[in-house]
Amino acid sequence: MVFEIFYSQLQELISVLLYDFAIKESKCQHVCGVPYTALPIATLLSVKAKKSMLMRRKEAKSYGTKKVIEGHYCVGDSCLIIEDVITSGSSVMETVNDLRKEGLKADEAIIILDREQGGKQNLENNNVSVKSLFTMSDLIGILVESKKVTEQMGIDVKNYLNNVQAPKSVSLNERILLPYEKRAELTSNPIAKKLFNIMAVKKTNLCISVDLTSSIKILDLIEQIGDHICLVKTHIDIIEDFCDNFITSLTNMAKKFNFLILEDRKFADIGNTIALQYEKGLYKINEWADCVTCHSLPGEGILKAFSSSNEGTNKGIFLLAEMSSEGNLITPEYTQATVKMAEKYSKLITGLVCQKKETFNNPEWIQLTPGVQLESSKDSLGQVYNTPEKVILENGADCVVVGRGIVFAKNPAAEAIVYKDTLWRCYMKRISGKIE
Ligand code: 5IU
């Protein structure tokens with residue numbers, strides 16, 4: 001509906017109508033047009049309503065601030081989204097997601113024309129209320145009445161719109177609200193299925209990161225806390241006395257306590273090298289790890305390598321979409337490209353390592369979130385810790401990685417129970433839908 005910008009009087013009329021219809025009552029501090037065609041109308045409304053304008057860049061600048069959202073705003077401010085036409089609602093959702101990633105509230109969208117093909121429902125499923133100045137039925141009704149189109153044309157257009165509905169987007173809420181048991185049924189990755197089921201049966205979403213350099217100490221720790229964890233995350237290459245017996249003991253414990261093993265290898269090479277690193281060398285990771293972490297940086301070849309290495313076996317990958325460390329170089333575009341890559345290899349993907357619930361919607365994948373301690377804090381090397389409440393209720397974590405918070409506690413066994421109970425309480429609260 002780019003035409004309105006070619007007619008200045010029409011633009012003015014639409015902005016007056018939109019202002020009276022939806023903007024003048026709105027409490028939002030900012031307006032943001034969905035790039036690009038809604039930008040002129042958003043500018044007019046920003047001036048008329050005296051609300052500051054935010055600009056979303058479609059591609060972040062490769063220089064300077066690299067900001068996706070430009071403008072003066074504070075975390076917690078609210079922003080009204082302006083769009084000319086919605087069909088599936090996906091363009092509005094992209095803008096909403098980028099605003100939410102910046103900590104802005106983006107819960108209202110004002111549309112000139114709703115084509116009535118499912119976009120409104122998709123947006124409402126993602127907690128965005130939609131007000132449209134016209135629906136396609138309104139417009140067709142007006143055109144038929146004023147004899148600009150025939151009655152038959154009106155009927156044909158309505159039939160077309162009814163028959164050609166946009167695909168239903170999975171609601172963000174659905175992933176966040178669905179219990180693990182349900183998601184175990186939905187997922188096509190065998191390790192995600194197992195992990196969802198273990199979390200549901202053992203009532204724990206705690207993953208322990210056993211970052212110790214002695215195999216005896218690791219096994220001793222797991223013996224103490226095995227009942228309270230669903231996943232053991234290893235860095236196999238930091239163990240100083242590594243031998244094959246360690247793997248035998250670890251895998252026996254996994255059976256005894258019913259947990260899975262994640263080797264946090266963060267593979268990041270070309271596919272051929274990865275296949276070697278995964279299957280060969282001292283550690284033969286593919287033989288014992290249920291799943292591994294892997295960067296998307298090298299491109300799809302990395303997932304192809306895992307696909308062929310794992311042919312006929314039940315393994316999984318956690319793809320790194322975001323990191324917890326301060327000043328890391330991952331941009332929102334990189335994160336979204338990672339999610340797209342995961343979608344292409346969905347069967348192989350157990351989940352994503354990430355920090356924000358907006359990062360992905362697919363309820364089949366597990367959001368694994370590291371950087372967690374009972375109090376928000378930082379370590380001296382850039383690690384950032386959030387609380388269980390924050391990561392589960394606000395940030396969408398499904399399975400939570402805790403390392404030093406438990407490993408170096410005075411009484412690791414008692415501390416593991418505190419973490420397990422706190423994390424589980426947050427999860428129960430989240431699926432009850434009673435998050436304020
Ligand atoms: N880890 C992170 N942040 C990340 C990723 C992995 O902390 O973004 I990807 C790993 C590093 C460490 C564990 O093995 O998770 C967290 O340990 P602490 O809870 O001790 O910081």
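Contact here means heavy atoms within 4.5 Å. The model is predicted: local features need pLDDT of at least 70, side-chain atom pairs count only at pLDDT 80 or more, and totals for chains, interfaces and linings use all residues. Residues are numbered from 1 along each chain as its sequence is written, and side-chain values use heavy atoms, with hydrogens and water left out.

**Exercise 1.** Take two annotated binding-site residues, Asp211 and Gly403, and decide for each: buried or exposed, or partly exposed?

Step 1. The "binding site" annotation comes from an unreviewed UniProt entry and covers Asp211, Lys233, Ser324, Gln383, Gly403 and Arg404. UniProt positions follow the numbering used here, feature names are shortened, and annotations may be inferred rather than shown by experiment.

Step 2. Aspartate 211 lies in the loop between strand E7 (206-209) and helix H10 (215-225). Aspartate 211 counts as partly exposed because its relative accessibility is 35%. Residues up to four places away not counted, aspartate 211 touches Lys233, His235 and Ile238.

Step 3. Glycine 403 is in the loop between strand E16 (399-402) and helix H17 (404-407). Its relative accessibility is 16%, so glycine 403 counts as buried.

**Exercise 2.** Trace the closed barrel and examine the pairing of E9 with E10.

Step 1. The barrel has 8 strands, in the order E7-E8-E9-E10-E11-E12-E13-E16, with parallel pairing. Two strands pair if DSSP finds at least two bridges between them.

Step 2. Strands E9 (residues 260-267) and E10 (residues 291-295) pair in the parallel sense over 3 bridges. Leucine 262 has cysteine 291 in E10 as its bridge partner.

**Exercise 3.** Which residues have the most contacts inside the largest nonpolar core?

Step 1. A nonpolar core is a set of buried Ala, Val, Leu, Ile, Met, Phe, Trp, Tyr and Cys residues joined through side-chain atoms within 4.5 Å.

Step 2. The largest core has 84 residues, and Leu231, Leu303 and Phe306 have the most contacts inside it. Helix H9 (residues 190-202) supplies the largest share, 7 residues.

Technical notes. Buried < 20%, exposed > 50% of the residue type's maximum accessible area, 1.4 Å probe, protein only. Helix = DSSP H or I, 4+ residues; strand = E, 2+ residues; numbered from the N terminus.
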